[in-house]
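Biologist: Could we go through the side-chain contacts in this model? I would like to begin with the charged pairs and then turn to the rings.

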Amino acid sequence: MLSVEPKRKSWVPWLLTILAACLVTVLSVIAVRLSVTYEPPPGTEPPKITDWMQGWGSLAGVLAGAGAAVAASWLLVHERQQSREARVEAEQVGARAVQYKSLFGTMWRSASGGARLSIDFQVTNYGPEPARRVVAVARCPRARNIWVIFVAEILEPHDSCGGSGMFELPGALLPPTPLTSMGIDNFLSDISLTLRFFDFNGREWQRTDNGDPVRAREPFPQGEPAVEYEDQP
């Protein structure tokens with residue numbers, strides 16, 4: 001079942017409201033203080049209360065207009081950001097539908113004596129649209145090797161497909177105990193799997209260890225060559 005995290009509430013509108021209230025309070029205090037302490041030049045008539053009201057009203061109008069312009073600009077930017085986030089979220093919902101399970105990396109010794117690594121898993125498309133060119137890229141933090149496994153050209157909605165590959169086992173991953181033939185499990189527990197695929201609209205995604213999907217930007221890696229299966233003696 002797919003889950004979508006709830007949107008976080010933005011604190012920006014509350015911050016702007018508090019700043020606007022503080023600004024109005026400060027300007028009001030300054031206006032009252034200037035009105036009380038103002039002394040006109042000698043020989044001139046002191047301003048009347050209506051003059052003060054008209055002057056401060058004009059200033060308030062300018063400040064209110066500037067505040068309205070800033071608020072309108074912020075709302076426009078905020079709406080565009082929300083629209084962009086909603087669009088990205090809708091795209092990611094479809095990409096989250098492609099998941100893998102039952103990942104096993106098994107180390108064993110072939111009939112010819114070579115150390116082998118078998119990688120097996122299953123990919124399921126839980127979404128309503130098909131996924132195309134589904135490929136898995138496996139890595140292990142203890143080795144620099146990359147193993148690429150083709151899964152399916154088209155993975156239909158609510159369909160599953162198994163993926164498997166067999167490769168030479170790097171020396172860095174050899175276990176301390178001698179390897180035995182296939183059938184006696186010697187698992188590689190720290191293997192990581194990244195799924196790369198195209199959605200129905202042609203966007204390429206990558207998803208590592210069933211985490212959040214992101215758009216695939218980097219070139220496709222060149223993987224290690226696969227080896228053929230050898231029958232056990």
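**Side-chain contacts**

Modeller: At 43% relative accessibility, arginine 142 counts as partly exposed (buried means under 20% relative accessible area, exposed over 50%, partly exposed in between, with a 1.4 Å probe and protein chains only). Please note that this is a predicted model, where local features need pLDDT of at least 70, side-chain atom pairs count only at pLDDT 80 or more, and totals for chains, interfaces and linings use all residues. Residues are numbered from 1 along each chain as its sequence is written, and side-chain values use heavy atoms, with hydrogens and water left out.

Biologist: Which residue forms a salt bridge with arginine 142?

Modeller: Aspartate 190 does, with the closest N and O atoms 2.8 Å apart. A salt bridge here is a side-chain nitrogen of Lys or Arg within 4 Å of a carboxyl oxygen of Asp or Glu.

Biologist: Where do arginine 142 and aspartate 190 lie?

Modeller: Arginine 142 is in the loop between β3 (131–139) and β4 (146–155), and aspartate 190 is in the loop between β5 (159–168) and β6 (192–198), so the pair ties together parts 48 residues apart in sequence. Strands are DSSP runs (E, at least two residues), numbered from the N terminus. Aspartate 190 is partly exposed, at 23% relative accessibility.

Biologist: How many salt bridges does the structure hold?

Modeller: It holds 5. Among them, glutamate 204 pairs with arginine 196 at 3.0 Å between the closest N and O atoms, and arginine 196 is buried at 5%. Another joins arginine 203 to aspartate 199, 3.0 Å from N to O.

Biologist: Is arginine 203 buried or exposed?

Modeller: Arginine 203 is buried, with a relative accessible area of 19%. Aspartate 199 is buried as well, at 11%.

Biologist: Now the rings. How many aromatic pairs are there?

Modeller: There are 2 aromatic pairs. Rings of Phe, Tyr and Trp (its six-membered ring) pair if their centres lie within 6.5 Å; planes under 30 degrees apart count as stacked, over 60 as edge-to-face and the rest as tilted. Phenylalanine 104 and phenylalanine 187 form a tilted pair, 5.7 Å centre to centre with 40° between the planes. Phenylalanine 104 is in strand β1 (residues 98–109) and phenylalanine 187 in the loop between β5 and β6, 83 residues apart.

Biologist: And what about tryptophan 147 and phenylalanine 167?

Modeller: Their ring centres are 6.5 Å apart and their planes at 45°, so that pair is tilted. Tryptophan 147 is buried at 1%, and phenylalanine 167 is buried at 2%.

Definitions and conventions:
Helix = DSSP H or I, 4+ residues; strand = E, 2+ residues; numbered from the N terminus.
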